[in-house]
Protein chains: 2
Amino acid sequence: MKNDIVITISREFGSGGREIGEKAAKALGIPFYDRAIILKAAENSGLSEEFIEKEEQRVTNSMLFNLSTGGISSQNFQFMSDQIYIAQSRAIREYADEGACVIVGRCADYILREDVKCLNVFIYADKYFKFNRIMKKYALDQSAAEKMIRESDKKRSRHYRFYTSMEWGDKENYALCLNSGKLGIDNAVRIIVDAAEKM
Amino acid sequence: MKNDIVITISREFGSGGREIGEKAAKALGIPFYDRAIILKAAENSGLSEEFIEKEEQRVTNSMLFNLSTGGISSQNFQFMSDQIYIAQSRAIREYADEGACVIVGRCADYILREDVKCLNVFIYADKYFKFNRIMKKYALDQSAAEKMIRESDKKRSRHYRFYTSMEWGDKENYALCLNSGKLGIDNAVRIIVDAAEKM
C-alpha cells in the first residue's frame, strides 16, 4: 500500500460488511481491526475485555434510560459506557497512526474525521440478502433472522447517534456506500481496494 | 464492453454526476444518454422538443397543485406531464434494449428496474463542493448557487417521488453511492467503470 489511508467500514448487520472489510485488508496487505480494538481498549483503560464486551451488549439500553442495570444506576452505567468509548477511540487513533489499515465499526469514521486520510465506507443490502446470510450463519428461520437484524441495526444506529450526533448510514458521512446484495461480496471488495489504491 | 449492462446515474445538482456519467461512458466505449432522451421522447410522442423542455421545467409545481399554469388547468397540466413521462420511459427502454449504455437522470433506475441488468449509481457531495462547482459554472455568488442547488434538488426529488413512490437519493435504490466531493470526479469515474466491467 503506497499511501497511509485508513479505510473505515460501517455496515448493516447481515450485509457482509465485516467479511468485505477483512478481504479488502487482505488484498491490500494491511491490518484489519475489529474485535482486536476491544482488546486494545481493554489494555489501555484497565477495564477487562470481558467487562467491555458485556457492557457493549447493554450500552444501547442505557441511552434510552430504559434498562435493567443489574444493580448499577443509569448514571454509573452511562459513565462506564463513556469510559469504554473513550478507551476504544484512543485505540482506534493509535491503529490509524501506525499506518494504513481497515477498521470495522465502532464510530471509527467519526473518531478519525480530523486526524488522518480516511476512506469511509458504508455497506448495506436489501433485506432478503441479509435474511439469507443471517439464517445460514446462525441457523435461524426468517422471522428470527429479521428480529436479530432489526435489533442489531437499532443498537448500532443509537450508539452512533449518541456518540457522534450524526445519523448512522446517512450517506453524507461516507465516501462510498456499497450495496453488497446488488454488487456481490467480491465486487464490493474490489471496489474498495481500487478506490483505496487510487486515492 | 463485454456485458450489456445499463448504468443509470442519479445525482445531486452540482455533484458532477453528469460529467462522471459522460466520462464513464467514454471510458467504457458505450453510448451516453441525457438530453438526447428528450429528443427521442419528442420523436415518439409527437410532442415537440421545445414543449417537453418547457413542461419539464414546470412539472414539479403541478405536483404541488401550486402552479401558475398560464391558462391550462392543473388536470390538463398533469396529463401533459404524464405524457412526457411515458414518452421518456419508452425512449429509455429502447436505449437499454439496444445494449450497454449510461443514462443520466429521468428515473431510469426505476423505469428499468425489471427489464435489464442495471448498475444504479447515485452521485452526491458535500455542500461546499457543490457550491464551488455551481459558482464557477454559472458565475454566481454562494447564496445564489445554494438557492439553485436547493431548488433543483427539490424538483428532482419531487419528480422522482411522484413517478416512483420511492425516495430520491435513498441508498437502498442504488448499488453504488459515490461522494464525488470526497473521492474526486476521476476516482468516481474509475469506480463506476471497474464495477461495470466486473459485474
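The two copies meet through the same surface, because 100% of the interface residues of chain B are also interface residues in chain A. The contact (heavy atoms within 4.5 Å) takes 23 residues from chain B and 23 residues from chain A. The structure is a predicted model, in which local features need pLDDT of at least 70 and side-chain atom pairs count only at pLDDT 80 or more, while totals for chains, interfaces and linings use all residues. Residues are numbered from 1 along each chain as its sequence is written, chains are lettered from A and ligands numbered from 1 in the order in which they are written, and side-chain values use heavy atoms, with hydrogens and water left out.

Between them, chain B and chain A bury about 2,000 Å². Buried area is the accessible area (1.4 Å probe) that two parts lose on being put together, summed over both. Carbon and sulfur atoms carry 54% of it. Two salt bridges are counted between the chains; the term requires a side-chain nitrogen of Lys or Arg within 4 Å of a carboxyl oxygen of Asp or Glu. A salt bridge joins the side chains of Lys198(B) and Asp194(A) (3.3 Å, N to O).

An open sheet of ten strands, with mixed pairing, has the order β2(A)-β3(A)-β1(A)-β4(A)-β5(A)-β5(B)-β4(B)-β1(B)-β3(B)-β2(B). β2 of chain A and β2 of chain B stand at the edges, each with a single partner strand, so one side of each is left without a neighbour in the sheet. Strands (E, at least two residues) and helices (H or I, at least four) are DSSP runs, numbered from the N terminus. Strands pair if DSSP finds at least two bridges between them. Two bridges join β2(B) to β3(B) (residues 101-104), and these strands run parallel.

Tyr33(B) lies in β2(B) (residues 32-33). Its bridge partner in β3(B) is Ile103(B). Tyr33(B) counts as buried, at 11% relative accessibility. Buried means under 20% relative accessible area (1.4 Å probe, protein chains only). Beyond its neighbours within four places in sequence, Tyr33(B) contacts residues including Tyr95(B), Glu98(B) and Cys101(B).

Key. Buried means under 20% relative accessible area, exposed over 50%, partly exposed in between (1.4 Å probe, protein chains only).
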